[in-house]
Structure formats: C-alpha cells, structure tokens
Amino acid sequence: MGRRRPSPAYVALVGTLALAALFADAAVVPQHVVSTLDDAPPANNATAPGDVCSNLLSRQDCGYVGITKDGCTQRQCCWAPSQAPIPWCFQKKNEEYLCAADIVNRRDCGFLGISAQECYTRNCCWDSDQNNLNAPFCFLKQHQCKGYGVKGVQESDTGLSIDLELIGGPTGCARFGKDAARLTVVVDFETESRVRVKVLDKDTARYEIPTEALPSTASTIRRVDSRGYSFKYTESPFTFSVTRVSDGQVVFDSSVTGMDSLVYEDGYLEISSVLPADANIYGLGEVVTSFRRDTRGTRQTMWARDAPTPVDENLYGSHPFHLEMRDGSAHGVFLRNSNGMDVILTPNKITYKVIGGIFDFTVFVGPSPSDVINQYTEVIGRPHMPPAWAMGFHQSRYGYKNIDDVNSVVSRYKQENLPLDGVWIDIDYMDSFKDFSFDETRFPKAEVRALAENLDANNQSMILIVDPGIPILPGYEPYETGMANDVFIKTLTGKPIEGRVWPGQTYFPDFLNTNETWAFWQGELGKTRDDLGDNVYPWIDMNEPSNFCNGACTQNAPNANQVVKRDDAQPPVNLKYSINNAGNQAPLDQKTLAENAVHKNGLRLTDTHNMYGHMEAQATHHALLQLKPDTRPFILTRSTFAGTGAFAAHWTGDNWSQWNHLYFSIPGILSFGLFGIPFAGSDICGFNGDTTEELCLRWHQLGALYPFSRNHNDIHSVDQEPYIWPDTVLPATRQALQIRYSLLPYYYTLFDRAHRTGQPVWQPLFFQYPQDTLSLKIDKQFLLGDAIMVSPALYQGQIQVKSYFPGTGRWFDFTTHQCIMETDTSNNTTDPSGDRPNRYLFLPAKMGTDAIPMSIAGGHVIPIQNPQLTVAATRLQPLSLIIALDKDGNAQGELYVDDGTSVQNLNQARISWELNKGEQLVSHAALQWPSASLKGGVASGDLKGMTAAQAQDFRANLGHGDKIEKVVVMGLNFGRFGGEKDIDGPIPTAVSRSVEMRTQGRQHVNLHRRDQGRGHPRNAGAGERWGKQTVFKRDAEGQSPHHAPKAASSKVSDETPVFQAAKVSALSQLNVNGAQIPLGDALHPGLNGTAGQDPTTGFAWEVSQEAGSLTLTGLQMDLFNGWFVQWKMT
C-alpha cells in the first residue's frame, strides 16, 4: 500500500500550474507563468480529435498535487502536459469515475498509514471497514468498463462462434493495458456433461498451453443429441451462462452485478461468475488452508513457489479448478491457463484475474461429485496406477549421515516388525549436492548399490532425490552433456539462464523441449539405474523451479542470500497487475528464475512457469517407461499442475511438526484428490521443527492411512522414526501399519478405480452423502473409499473424538464389529438448520490404548489380507471379507487384482460380492488372461474358460493370494421390531451417549491381531496378528439399539423404555456352494448353530448375539471362481 509523498519539485511545478489558473479568464497567460512549461505532445490516448482524451479546456481533474504520468495512467485517466493552466491528468470524456468499485477491484491509492484526509487530498476514495482480502482503505476512483458487444454469431450442432467488438471505441477499458478490439468466443459442446468456452483475441495470437503439456481434448469429445446443459449469452455487454438441465441450476454466469463483464487486455484478463450466498467451494490450489474455501474473502494466487507451507499463500503447485456443491448436486469449473493469476472469492461471486494467455473455461455439470472428477480427469488425464509396492510405508529423512545410518534404519524396521517398502535418501548421498553423483566417503556408490540389492531381495525399493538444477562445472558429465545437447533454459540473449541451488551455480533443463532435454534426462536416470538397479526410483524436488536467488544470479554472489541480477538477464516483464505472490504481491522472480527466460520452442517462462514441475514429472515418467517399458514408474514430485497425477505422486511439501499441520494434511490430501492426484500424502510427524512423542504418535495413526504414506523430516530436526519412542509411538505405529497393510486389497482396488475414473482414494464426506448439508463443512473426518470413515484425533491431550455420522444409514465400529449408529428414519439430512445431534458419537481415542477411530458404512463388503512386513508378502496371503449390512440386510463390494507392477496387465481379475437380505453371499469373478489365438491377444471369462495350464499360469503371474478363508458379517439383526412403542426413529440422545461413554478406556480389538495398545509384544510376528475375533460386551443399557425383524412382534412397555437390540442366536441352516453343512443332528451331536466346526470340510462358524454378527472361517473359497454361501438365522 506504500506510496511516496510528492517531491518538492513536483509541488513547485503544480504550484506554478495553480498560479496560472488565476489567469484562466485572461486572453493571454502571462509569460512568466508558462515559461517554465515545455510544450509536450499529447499522450498516446489523446492523439485524435473527438478522442476521449482530446478535450483541452474542459478537463476534469483526475490527479493530485505531484501526480506523475504513471500515476495518472494507473487511474485510467488521460495525461497531456500543456502550457495552459489546466490539469495534466484528467478524466476521459463521457466516463463517470466513482468510488463504487467492488472490493475485488480496489486499486491502492495510498501509502502505509495514510489518513482519510490525505486520501481525499489525493482525489481518491476512502473506506476503512475491515475486509478479508486486505484490500486498501484508500483506493482509486474507477469508471465501469463497457465490455464487448456481439457482432456476429455462427451456430452449429456442436457449438457456437461469437464475434465480439469492444464497446466505446479503441480506448476501451484500459484497466491495466490496451484492450483487445475484437474477440471470438468459441463454444464447444464437447460431451453430454462438459462445455468448453474459449475467448480468443481475433487479431493477435496469444499464448495457450501447448499440447506437450496438456493434451488436446479431441480424443475425448463425444457428440450427442441430448446434453445435460444449456448455453445462453447476452449481446450488450456480452455475458454468458451455463445451466444444468436436470435441475435448472445456473452453474456459471458472467453477468455479475457491479463487476466488469469481460476485460481482455495485454497482460490482464478479468471475468467473474455468480455464486450463491455462502457457496460451498472446494479446490483452487495449492494452498494450506481448510478444505471448504472461505467465500467471505479469499484471494487464491496461483504461481508455483518454494515456501515452507505458510497458511493461505500460494505454494508449489497451481490448480485453477474448483468443485461447487449446491443443493445436493455438484459442478466444476476448470480454467485451462498456466499463467499467474488470482482467483478471488467474495460474497456471491468468483473473480478470475489472470496476467496472460487466454480465457479457456471448461464447465462440468456433474451432477454428483464423483461425476465431476470423472469428467475433469477425462480432460486433464487420468491418475496413473501406482506399482503395488509404492502403496506400502516409506521412511525418509534429510540428514542421514552416511550409508550405515540408512542400513541401520532398514534393519531396525525389520527388528521391530514394522512394515517398510520404500527407503529414501535425500541430498545427503550426493557429492557436493550434485545430481547423479555419490559422496564416496559417506555414501560410496558400491555400498548404496549393495543396499539397493538387499532391498530388492526383500521386495523393497530405494528412492533417491533428484533436483532439476545442474551445476555449472566443466568436466561434470551431466553439465557437459547438457551443454553439448543444448538442453537448458535460455536468457533473451541466448545464454543458459543461471541460478543457484544446493550445489551452487546451476543451469535448468528445459523440459518443454521434449526431444533433446527428455533424451538427456533419460540418459542420466538410466545411468543411475545401471549403477544401482531397477528398484531405484526418482524423487523430483525443488521443481517450481526453486532458486536461492531472485531471478538469475551471478557466480560471484558470495552466498545464497545476496542477490545480483545478471547483465544479460533482461529485467522482469512489466506486469501492471500484480498477483498476490507470497501474500504481499512479491515480484514473480522471487526465489525462482527470471520469468522472461525462454524455452527452445520460443515460449516465455512468464507463461510456462507454473508447469515446470509438471513437465519434469512428465519427462521423468517417460524416461522410466523407456528404460523399462512394462514396469510402472514411481515418481514423487513437489510442484504440480493440472494433469500431473497422470505421471507422479505428490507430497504436500515442507510442513511443520505442529498440531495444526496434522489437521492441514487432511484438506491438503482431499484437495489433491479433486485435482486428479489421489496418490498424495504429507510428511508424517512433520518436516520442519521438532516433533513430540504425542504428536508423532497421532501423526503415524493418521499418516498410515494416507494414500502416500511416508515419514520424513529435516536435517535440523530430532529423529522421528517410530521406534524412537519404544513404549508409545512404536506399538501405535505397528498397529496403524498393520491396519494399512491389511487393507491393501481395498487400497489397490481404490487406486484402480482412480486410474479408470479419477475417483479420489480419500474423499470428503459429501462425496457419498451429497444431500447431507452438515457434511459440506466437515474436513476433520474423511472417507477412505466409499466404505470406511476415519475420525482421527487431531489435538493434544485428546482422549475421544466427536464424530459425525453422515447420511441416514447404519455404521459399524471397524475394530469391534459393533453397530454404533443405527438407521435414522427422520431423513433430516437436507435441512441446513438441522444439527442432527443423534448422528454424533464420542469415539474413544486414548493415546496408547485406542486405535484411530474408523467406522464402516452399512451396505459394504471390504476385502482384507493378513498383514506382513512388505506389500509383496502381504499380497500372497489369503483374504477375508468384512461385511457390514445396511438396514435391509444388503451389502456389496469389489476387488481388483493384477500383478502389481505391469503397465499392460494381460492377467487381471475383477471380483465382486453381493449379500442379499442378510442370508446369501454370492461371489462373481471376471477374469482376463493372454490368448494368442484371439484378436487382441487376450481372453476374458472365468476359470472354466481356461485350460489347466492357463489357470496355473494365471495364478502364478498375478502373485496374489487366491483363497478367501474368513467372512465376518456384521449387523445381521437388521430391520426393526414393532409393538406398543415402535422403535422407528433416531436413537435417543441419552442412549447414544451411553454407548459412547461406556466405550471410553476399553481396549480395542484389532481386526487382525490380539495384541493391542500397551499389550503389544514389541517383537510380535506377523503370523500372530490373526486371531479369533472377540467382541466387546455391554450391559443392557449400553447395547447397540439394533432393530429386530418386524415379524417378531416385540413390544417395549411404557414402564421400561429401554432400547435393546433384537438378538440373533444361532444358525438354523448353512449351505456352501450347494453343500449343506450339518449344524447338529443324530450324526453330529456335538455341533450347534451358535458355534462349531464341520469335521469333514473344516468350515467353522460363530454367532455373536450381542453384535448380531456371524463369523465363518476355514472356508478356503477360490477367489477366482464364482461361489456362494447361504444361511438362515434363528
């Protein structure tokens, strides 16, 4: 907001003008008054008679004492020095300059500490009301832009082409530059659910994202007769709207009261769209903030920036996409533009202010949240399918002193029975921080290779960090090869642009050069693979690109804090609109390269900066595929853009070992799910600063469920491997990782679905419960897939978590199998004022005894496996099914299986399960296998279509357990019972609270082990983790309020208003694949329907009356064959 006070020279000059005004009525101005004024030509905006700046004596003052030409231009006024006693800075003709500028468009007119009177003296506006945008109190008057008018329209079945012309002549709006005189709006009805609106300068070609960075949508266009949207426009000024046909919701409308309809200038574009009051907006990033964006005033800047995760500022990635929930339906908007921008949310509108390129919007009409992400990722690219091993746990840190430190960590993980699949080494391994080198003293290449080989033998992998900056060192092979092949970004004078990062002075590869640079990058990565092995993968960091200088810097700068501009690096482009970089309108080259550097294809870094990391990820992905064409790459990248999820995983950067950053990891991962990057996570226990025992425990509990799960911290921070705290963090982490590894079949299926449809692995609650208005603001709970809700402890000293149970259905405790929330028949999910107190529970979360609270939604089947110490070992284990019945006794689930590594999976299986009316579980298997005799080389069907040899090869190639040995069915006492008091409404609050509080302090029983909480043996083997499922018993007051079948005709008397579950007591019939299992008869007198084991088949059963559950073991059902189990209960 700072402005200089006028200099004495300016005061004297304007004082002379004021003196001349005394003689305004005289025929001749005294010579001594005007002799100090040089004759000056008129300004560019006052060159012709009749022009808006051509008036000579009727000028209306637009300035103040001491104003300069630049200051006048900023006010969108005319500047013309004159010998006459008239203002040099004056208003355009026929324009009304007002103080009514919307807060979004306020332009600073003051300086730090300016008073209202000083503001008025400057001929400016004053409004000292506080605002969330930090907009100035003293701001310029503005005239309203007239916008563009329609001059011609061409319509077709697939869209429209609309010609526009600037209203008001060539001077136009001139907010921050010269307006384009003519525009063309191309409207393309690309599919039944998406429409693209592209605004082009008709006379001048402007930068657009190249197809090398973001592919054309041509391959995904589907022309249909019936579309789910309508497009409308107004002629003068031109505005447009998109309406969803199914419900009449106007999802984009650029006719916003009080805002300019369309500004299209050199270096500045602006447009707004109407929002409802208190809109539910999600996305727009990357940023550390809450998941639901604050529409009272949010300025989201998009300019890739290396910063240690400050709150509410622009960060490493840029994603100009948002999803909005409105009345239970969803839509999305994507601006296909890589330039710097501010996207501003204020009451009732969203405003885009972009400093280059074009407007290229795609509107997705949903109507479900999953539909929107499906439609969006179809445009930007589907998320990649990670290799199975990468879904395991990873250990890293910056600051391992030598290779022995790393070996020790690997050994300690195994010693403590902690699962581990990825071992990471930061820049410590490098020789003087040079890429593709090894410090032969601390990290000898031979010993690093030995570690990689040892990891490979145990089906584990190594990940090494690689930064983009290549040090300028003659004799250093990557530098010499890069210079010889001309792979570096250049200055305007044609020299490689120089920056400084860890190794010192560096050049930066030009990843938009998909020929020479990509070949160079592949060659260097290939040498690392040759040196270390194929189980070594790259972690690409510092790729915003980060720079220790502001812009280019010379080699003689003594340290990274001294910034010196190079003579051959042109000064930054003069961008008149300053985006809110770093929260303070910092220069665009702050801690990055000069933005006007150029690529080999002629594009400027001004336009492509936000895609640098995205292009490096794409080049790295391409290189790994070239090196091993049928092995899935794994890459972790810090900087991202729209579409990066097709190539790499992402972590949320240099977070802090603080409780609020534990929370921020949830909205961060949820947001990247919207951005098409579901394989995301945060550094467990925090990167910056020192963690604490309790914080690290809680972070491992939550982080073990991250889609990408890694412990990582800084060289200056204390050690934070889980075994540092052997009595607390270690057993809690072991427990948490066993939960994760047991859920690997479920995770793998979720990642496959993300790869096919874009569906996030972590989801906000409203993805499955869009009609539940309370779920729209919840970001301290999340869904793992469709079936599991996680309610983590996020505060110091927390012993319980207040958890909201969305929707109206049943919910079950993940570890005890108890139904903890019954069906709510009031169906009050859509009332914005309804707080639904009966849908909250306090879940136990004591440190050291309780696992992270997890709940299963009724109606789902979840596949699990016996957890081992690696993903590969876990995949070989038999499976079990956890089945949670809905109120009608139904449930469904699915599983995807392939070999876990191949890009082209000729062998794969899709398994589905369905349980109906609580009595019959059916499994279906759809298989694919290679067949040379068929077109396309693959066959599909079931095992009956294979030969014995094919079936054997199929199982061997998948490398996956193929037996289901255990089934747990929860909630068999579904339904309700009638009588004098129908129990047909929400659970009474008192009963709910009784259930909650009586679970406090009890020992949770994990699904996969006996030894929980403080009872863990530190060295318990993985084989001990499966045991008979025990059930927590409660007295009558604390029993879950299940409903018995209505036919039971049970009643509850007025004198005894106790809500009891209708208990199931025993099996009366059990049938497996048509074979009747004896439950006790003359031939089998020792068996009964409550618990037993058939001596012939080995099938065993147990009925829990309290939980209403049935456990079947010893099944040995073939995963890849169809089968069924049927039963009757008494």
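I began with Pro-545, which sits in the loop between β27 (536–540) and α10 (605–608). Helices (H or I, at least four residues) and strands (E, at least two) are DSSP runs, numbered from the N terminus. The peptide bond from Glu-544 to Pro-545 is cis, with omega near -5 degrees.

I noted that this is a predicted model, where local features need pLDDT of at least 70, side-chain atom pairs count only at pLDDT 80 or more, and totals for chains, interfaces and linings use all residues. Residues are numbered from 1 along each chain as its sequence is written, and side-chain values use heavy atoms, with hydrogens and water left out.

I found another cis peptide bond from Gly-366 to Pro-367, with omega near 15 degrees. Pro-367 is in the loop between β20 (359–364) and α5 (369–380).

Next I looked up Thr-309, in the loop between β15 (298–302) and β16 (319–326). Thr-309 is buried, at 2% relative accessible area (buried is under 20%, exposed over 50%, partly exposed in between; 1.4 Å probe, protein chains only). Its side chain reaches the backbone oxygen of Asp-654 at 2.9 Å. Contacts of Thr-309 (heavy atoms within 4.5 Å), not counting residues up to four places away in sequence, include Val-288, Tyr-316 and His-661.

I then checked positive phi values. Asn-134, not a glycine, has phi near 55 degrees. Asn-134 lies in the loop between β3 (125–126) and β4 (138–139) and is exposed at 65%. Phe-433 has phi near 65 degrees, also positive in a non-glycine residue. Phe-433 is in the loop between β22 (422–425) and α7 (445–457) and is partly exposed at 31%.

Definitions and conventions. A polar contact is a pair of N or O atoms within 3.5 Å; within protein, one must be able to donate a hydrogen and the other to accept it, and residues adjacent in sequence count only if both atoms are side-chain atoms.
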